[in-house]
Structure formats: structure tokens, C-alpha cells
Amino acid sequence: MSHGTLPQAGAAVAAAAPATSHGATAPVAPPPQRARSSAPATQPDAPSVPLGDEPLAIWPGSAVPLPHDDLAVGGVPLTELADRFGTPTYVLDEDEVRRRCRAYLRAFPDADVLYAAKAFLCRAMAHWVREEGLGLDVCSAGELELAVTTGFPPERIVLHGNAKSPDDLGTALRLGVGRIVIDSTSEIARLAAAVPAGSRQKVLIRVVPGIAAGGHAKIRTGTDDQKFGLSVADGSAQHAIARVLGQPHLELVGLHCHLGSQITTVKPYLSAVRRLVGLLARVHEQHGITLPELDLGGGHGIAYRPGEPTLDIACLAAKVRAELARGCAAAGLPVPRLAVEPGRAIAGPAGVALYRVLAVKRTGTHTFVAVDGGMSDNPRPALYGVRYAPRLVGRRSAATPEAVTVVGRHCEAGDVLASDVRLPGDIRPGDLLGVPVAGAYHLSMASGYNLVGRPPVVAVAGGQARLLVRRESFADIQERDIGL
């Protein structure tokens, strides 16, 4: 193992079988696997390449049609899951998560692959990721504590965030987190003062390379006009590097950057590599040190609707490695250990959200289909216009599809889950809708708006279903309210 790298998981990890031993199960006979398209993203272990227009292309790889227009995911019919666990409910295909973890390890065999916990984290998810040999990227003491108390090795965890609280930093030091990503100069002295005497904390500097990339302005983080990181252009990154090198309790091991989210082309990452290698060269020239690590973050784009582009991970890995080797050779530097932080690309396509239709309202030229969830369990459409492809599940309809807007139950005009989607013209209350690509940034961003409890998370694998996260009840909400 090279100096400064995150410890690698044991060889036995790759052979770990899916864990289904805890929690209630609902065994059913698994249906046969459906035939998938030839696109690599629809094959096992290949998460992020362009997908075709086939309706099930964006669903988990285990999704197969059943009689009466039902669907099974992980061998379990969606109608059965809705009946057993209620709606709204998140369904997470464990095998899909594991396949995507393995695909990243194959694409980046000599790098540290860190699952970005902010996409979705629960104890089972941390367990699956650890078993598959990935590290973890966390943003808070809460995410960190949950992972470590689940058994995740703290030395394989990276903590970052633009405004880490004293509790975040204290918890990271107490638990022995592997890396802390410094995001501001004010954080340097606070962190250094908190490091116990006689020890050193490994850190990275989050660099803003001045590259605009991402699916929406609100999820672009590689430019100078947003809150994250330290700019190369104005010298902030160079100043922070010098400050860290002057702190005896901090060990600078590398640079970090994160360009944004929903990036579907390789070019921005190659531009980031070139700029970061240039900074590595300046650090070597000015300070006489060689930084051994380079973390390129995540943001790997996925398709939310059939035919949308995705990022080809194998292509990304090959081109990034080549660019990094070329740049380091030209600068006379050894190639640093690479790290990447996929979150959405692992969890997103493994998830399905289930809703019941509560009302159908036709107003002028618009048809609104209202469901029993909404922006409290998925705020992303309201935040940055994400578009989904819901599907009627469990009822065969011969009606001509019509353009409708699927809306939530909350008192906001912006509570829209899917706009301008085609559903059967006879859609009616009681119908079940399945929304694919719902595994990332749904529950993790859920709120308590209108005091509506957050949905449960149910794992499916091998024809069995088990509850991972229970539904939030009114008793849970009431227990926190102690004002009287």
C-alpha cells in the first residue's frame, strides 16, 4: 500500500453474498430475468453508459414484467410491496447496489472508490458498501456516527463539507476518520487545535478548479461563484496549502475537487485533472513536497427517463488515468493515488418509489394526478427541475396514454413530482404508480412538511423483501414536540 492511501478491504469482500438474514422477509418465487438491451448500462455490473429508449431501461436490472401489468423488482412484485408496506414506499434493489459497486471497482482498480453517503445512507447501505470493498464519503457527524456504529472502518471514511461544525470535527477526530477535506482557511486553525497531542490528522484541500459542469446551476460546484472549496484563480487554494503545511498536527496528503452533479461527459473531469496536476506541480516547486493523493469527487450522471444520457464510467476511468499519467510525466511528478466518490450512480438506479393515486383533476387542458406523497419525500423536481418517468403498475389499461402532471399532496403549487408524462387516460384513484431511479436524494433530502411522515425503505433481493427503515409515524413527530 502506498503512503497515505485509504486502507483496502480484504480479498474476501468481493465474494460476499447479499445479506438478507435480518428483518422480516416476504419470500416469493422469483420471476425469470427479463431480456435487457445490449447497452452496457443494462448489463450486470455496468452502471453508467448511455441507455436506450426501452421503457424498462432505467429500472433496476432485476425488473421484469408480470401478468396484469405488474412488475417485479428483486423477484418481488411491486403490488405486493405496496400492499404489505403501504405507500409511499421506497424499494431498494440490493443486488443492483452491489453490482454497481463492483462495476466501479473494476473501472477504477487502482483507485479508492468512496460511496457518497449523502445520496442515501442507512445501516444496510453502509453494510453493503463495506462488504463490496468501497470506502465512504460523509458530510456530517450523523452520517459518520451511523456508519461507524454499523461497523464501517473509520480509516476508510472521508469527511467533507463547506461548514463543518465543532461536533463534526470532534466526532471525526474521536472516531479516527481517515481523511478530512478542508474547505476554508478558517477551518485549518480550528481543526489543528482540536487534534489530540501527539497525533496528526490526514487532510486534503478542496480546490475550485474554475470548471462549470453539472445538470443545473444549483448543482454545479466547480466554479468560483458558489460556496464550496478554495479557488485556484484567486490564490486561496495556494494560501490554504501553505497554511496547512505550517501546522504540525495536520498532514496534507492531497487535493480534492468536486465539479458538480449529473455530469454526463468526460471532458470536464479531464480539464480538472490538468488544472489539479498544475497545482500539484506548483506545490512541489514552492514547498518541495509531492502530494500522494488526488480525489476527483463524483457527480457521475445517470438517466432518469429512457433515452437520457449517462456518464460512461469505463470511458471516464480510462481517459482520466491517461490524462493523469500524461500530465504527471510532463511535470516530472509521480502519479498520485486517485479517488472517486460516486453516490447517485450507485444508489439512484437501484431505487423505486411507490405511490397511490388519491385524485385525478382535469382543469382546462391540464390533467393533474395527485398521489399520496410529494415534495416532502422527493423535493428534487421543485429544487432543480428533475424529470421522472412514472409508470402505472398492477392494472392493465387499454386506454390511450395522455399527457398528465403527477403532483403531490402538499400545500405548494410547486409540489410536482413529474410533469408532462404519459399515463393511461383512465388513470384513477387507487392506482399504483412506480417511479424508477428513486434511490438517491429522496429520503436523504426528505422533510417533515405538513407533518407528513417520511416513507419506509424496503430492500428486495432473491424474491424476498425486508424493511430497512420504518415509516415515520405521527408518534415519532409528536415525541419531538415538547413545547407544552
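**Note on the predicted model**

1. Phe85 touches Pro456, Val458, Ala465, Leu467 and Arg471, leaving aside residues up to four places away in sequence. The residue sits in helix α1, and Phe85 is buried because its relative accessible area is 15%, where the cut-off for buried is under 20%. Phe85 and Arg470 are 385 residues apart in sequence, and yet their C-alpha atoms are 9.2 Å apart in space. As you read on, please keep in mind that this is a predicted model.

2. The protein chain has 12 helices and 21 strands, and 56% of its 484 residues are buried.

3. Which residues have the most contacts inside the largest nonpolar core? They are Leu81, Phe108, Tyr115, Met125, Ile205, Leu255 and Val406, in a core that has 132 residues. Helix α8, which covers residues 267-287, gives the most to this core, with 9 residues. Apart from this core lies another one, of 5 residues, which includes Leu114, Val181, Leu204 and Val253.

4. Not counting residues up to four places away in sequence, Leu255 touches Leu204, Ile205, Val207, Ile241, Leu276, Leu279, Leu280, Leu291, Glu293, Leu294 and Asp295.

5. The next two points concern pairs of helices. Two packed helices are described by the angle between their axes and the distance between the axes. For helix α2 (residues 94-107) and helix α3 (residues 123-131), the axes come within 9 Å and cross at roughly 40°, which means that α2 is oblique to α3. Their crossing is right-handed. On the α2 side the contact is made by Glu94, Val97, Arg98 and Cys101, while on the α3 side Met125, Trp128, Val129 and Glu131 take part. Sorted by class, the contact of α2 with α3 has 5 nonpolar and 3 charged residues, and no polar ones.

6. How do α8 and α9 lie, and at what angle do their axes cross? The axes of α8 and helix α9 (residues 313-331) come within 9 Å and cross at roughly 25°, so α8 is roughly parallel to α9, given that angles under 35 degrees count as roughly parallel. The crossing of α8 and α9 is right-handed. From α8, the residues Tyr269, Leu270, Val273, Arg274, Val277 and Ala281 meet Leu316, Lys319, Val320, Glu323, Leu324, Gly327, Cys328 and Ala331 of α9. By class, this contact of α8 with α9 has 10 nonpolar, 1 polar and 3 charged residues.

7. Some details of the backbone deserve a careful look. Most residues other than glycine have a negative phi, and most peptide bonds are trans. The peptide bond from Thr87 to Pro88, however, is cis, with omega near -10°, and Pro88 is placed in the loop between α1 (78-85) and β4 (89-93).

8. His68 has a positive phi of about 60° although it is not a glycine. This residue lies in the loop between β1 (64-66) and β2 (70-73), and His68 is exposed because its relative accessible area is 56%, where exposed means over 50%. Asp420, also a residue other than glycine, has a positive phi near 50°, and the place of Asp420 is in strand β18 (residues 416-424).

9. Is Arg123 buried, partly exposed or exposed? Arg123, which lies in helix α3, counts as partly exposed because its relative accessibility is 46%. Leaving out residues up to four places away in sequence, Arg123 touches Leu146, Thr149 and Thr150.

10. The last point concerns Glu54, which is found in the segment before β1. Glu54 is partly exposed, with a relative accessible area of 33%. Glu54 and Pro306 are 252 residues apart along the chain, and their C-alpha atoms are separated by 6.5 Å.

Notes: Residues numbered from 1 in each chain as written. Predicted model: local features only at pLDDT ≥ 70, side-chain atom pairs only at ≥ 80, totals over all residues. Heavy atoms only, no water. Axes fitted to C-alpha atoms, helices over the stretch in contact; angles between N-to-C directions. Helix = DSSP H or I, 4+ residues; strand = E, 2+ residues; numbered from the N terminus. Parallel < 35°, antiparallel > 145°, perpendicular 65-115°, else oblique. Left-handed = near helix turned anticlockwise from the far one by under 90°. Contact = heavy atoms within 4.5 Å. Nonpolar A, V, L, I, M, F, W, Y, C, P; charged D, E, K, R; others polar. Core = buried A, V, L, I, M, F, W, Y, C linked by side-chain atoms within 4.5 Å. Buried < 20%, exposed > 50% of the residue type's maximum accessible area, 1.4 Å probe, protein only.
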